[in-house]
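The following exercises are to be worked with the sequence and the structure at hand. Each task is followed by a solution in steps.

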Amino acid sequence: MKMKMGRRLALILASLAALCSPAFSQEVPQIEFFALPDSLTAEYLDSLEVPSAVKTNDYWMVGAFGGGTLINGYWNPPRTVSTTPLFGAYGVSVIKYTTMLNMFRMVGLEFGLQKTYEGYFFKENKETGLTPNIMGSQSAKIDVYEANLLAHFHFDIGDHFKLMIKGGLYGGYRYRIHREGPYVREQMEDDFVMDLPTNGDQVYSDERLTYGVEAGLGFGVMFDPVEIHIGALGKWGWREYHNPNYLSPYYYRFSYPFDIMLQVGVYYQLTPRHGHTRRELRRMARNIVQSSIENENNPGSGR
């Protein structure tokens with residue numbers, strides 16, 4: 001009996017010794033969480049990967065543009081027209097991008113002022129051998145000051161490119177004219193006329209106001225805070241060059257602008273396209289400090 005008890009005691013002691021030996025001891029694996037190093041260095045900050053898919057802000061831009069206008073138009077009775085470029089157009093505009101329904105960040109609004117051109121340049125009709133004219137004028141260059149209000153949509157492609165689509169209304173004033181032709185009347189060469197007698201009791205009058213719709217396409221190159229915009233804007237006028245009238249019981253005479261403006265502009269971002277402005281950062285910092293002070297003064301308010 002004593003021998004059996006001694007064997008059992010020896011077996012228990014041997015088992016305890018085996019469990020305590022290094023062969024059976026194992027360390028519990030440690031789970032590492034992200035933590036900032038004790039000292040932040042420029043090398044460490046440069047090594048961080050920042051996600052590139054950053055949402056675009058609702059931001060403002062202002063800029064200036066220049067270019068030319070392809071003069072065209074349409075008439076009744078029909079006339080053969082030579083599409084003619086006139087250079088020296090220029091203007092300024094302000095663009096505000098916003099977010100529609102808190103989802104669509106491509107929406108914007110553009111307001112602009114510009115000096116551009118209208119007019120006509122007739123060419124010889126090959127069938128008749130005649131060049132059309134209006135009161136003896138075969139061509140007219142009209143300088144116009146305009147204002148427009150356009151819906152402006154942008155679709156960003158990467159960090160530096162975007163496509164633009166815009167359209168809206170314009171209105172302006174025709175302030176200077178120069179007409180040419182072998183039979184143009186002297187008082188009409190460099191001046192607008194009113195109530196000039198024509199056929200029978202018909203009179204001719206130049207229209208000084210202009211208005212209609214504009215729409216176009218373009219693309220932009222972005223190097224924050226500067227953007228370069230290149231585009232074309234079609235212009236469909238709803239105001240005649242002259243008062244509509246009857247040449248005869250069979251013909252109703254009218255004329256309208258239909259032009260294309262080519263523009264290159266440089267724009268400056270008044271507010272950042274990404275991130276926060278300094279004013280916003282200061283406001284956020286003040287809110288954090290104010291919140292900390294309130295929590296210290298009312299330690300039980302957050303419970």
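This is a predicted model: local features need pLDDT of at least 70, side-chain atom pairs count only at pLDDT 80 or more; totals for chains, interfaces and linings use all residues.

**Exercise 1. State which residue of E9 stands opposite leucine 163, and describe the strand pairing around E9.**

Step 1. Leucine 163 faces phenylalanine 219 of E9. Strands here are DSSP runs of at least two residues, numbered from the N terminus.

Step 2. Strand E6 (residues 161-180) and strand E9 (residues 209-223) run antiparallel and are joined by 13 bridges; two strands pair if DSSP finds at least two bridges between them.

Step 3. E9 also pairs with E10, in the antiparallel sense, over 12 bridges. Here glycine 218 stands opposite glycine 231 in E10.

Step 4. E9 and E10 form a hairpin, with 2 residues between them.

Residues are numbered from 1 along each chain as its sequence is written, and side-chain values use heavy atoms, with hydrogens and water left out.

**Exercise 2. Determine how many aromatic pairs the whole structure holds, and explain why the pair of tyrosine 74 and tyrosine 256 is classed as it is.**

Step 1. Rings of Phe, Tyr and Trp (its six-membered ring) pair if their centres lie within 6.5 Å; planes under 30 degrees apart count as stacked, over 60 as edge-to-face and the rest as tilted.

Step 2. The ring centres of tyrosine 74 and tyrosine 256 are 5.3 Å apart and the planes meet at 20 degrees, so this pair is stacked.

Step 3. Because tyrosine 74 lies in strand E2 (residues 74-76) and tyrosine 256 in strand E12 (residues 251-256), the pair ties together parts that are 182 residues apart in sequence.

Step 4. Tyrosine 74 is partly exposed, at a relative accessible area of 28%, whereas tyrosine 256 is buried, at 17%. Buried means under 20% relative accessible area, exposed over 50%, and partly exposed in between (1.4 Å probe, protein chains only).

Step 5. Tyrosine 120 and tyrosine 241 form an edge-to-face pair, with 6.0 Å from centre to centre and 65 degrees between the planes. This pair links distant parts of the chain, 121 residues apart: tyrosine 120 is in strand E4 (residues 104-121), and tyrosine 241 is in the loop between strand E10 (226-237) and strand E11 (245-248). Both tyrosine 120 and tyrosine 241 are buried.

**Exercise 3. Locate valine 81 and list its contacts beyond its neighbours in sequence.**

Step 1. Valine 81 belongs to the loop between E2 and strand E3 (84-100). Its relative accessibility of 17% makes valine 81 buried.

Step 2. Apart from neighbours within four places in sequence, valine 81 contacts Asn72, Trp75, Phe121, Phe122 and Lys123, where contact means heavy atoms within 4.5 Å.

Step 3. The C-alpha atoms of valine 81 and tyrosine 120 are 7.3 Å apart, although 39 residues separate the two along the chain.

Step 4. Proline 77 also lies in the loop between E2 and E3. The peptide bond from asparagine 76 to proline 77 is cis, with omega near 0 degrees.

Notes: Helices (H or I, at least four residues) and strands (E, at least two) are DSSP runs, numbered from the N terminus.
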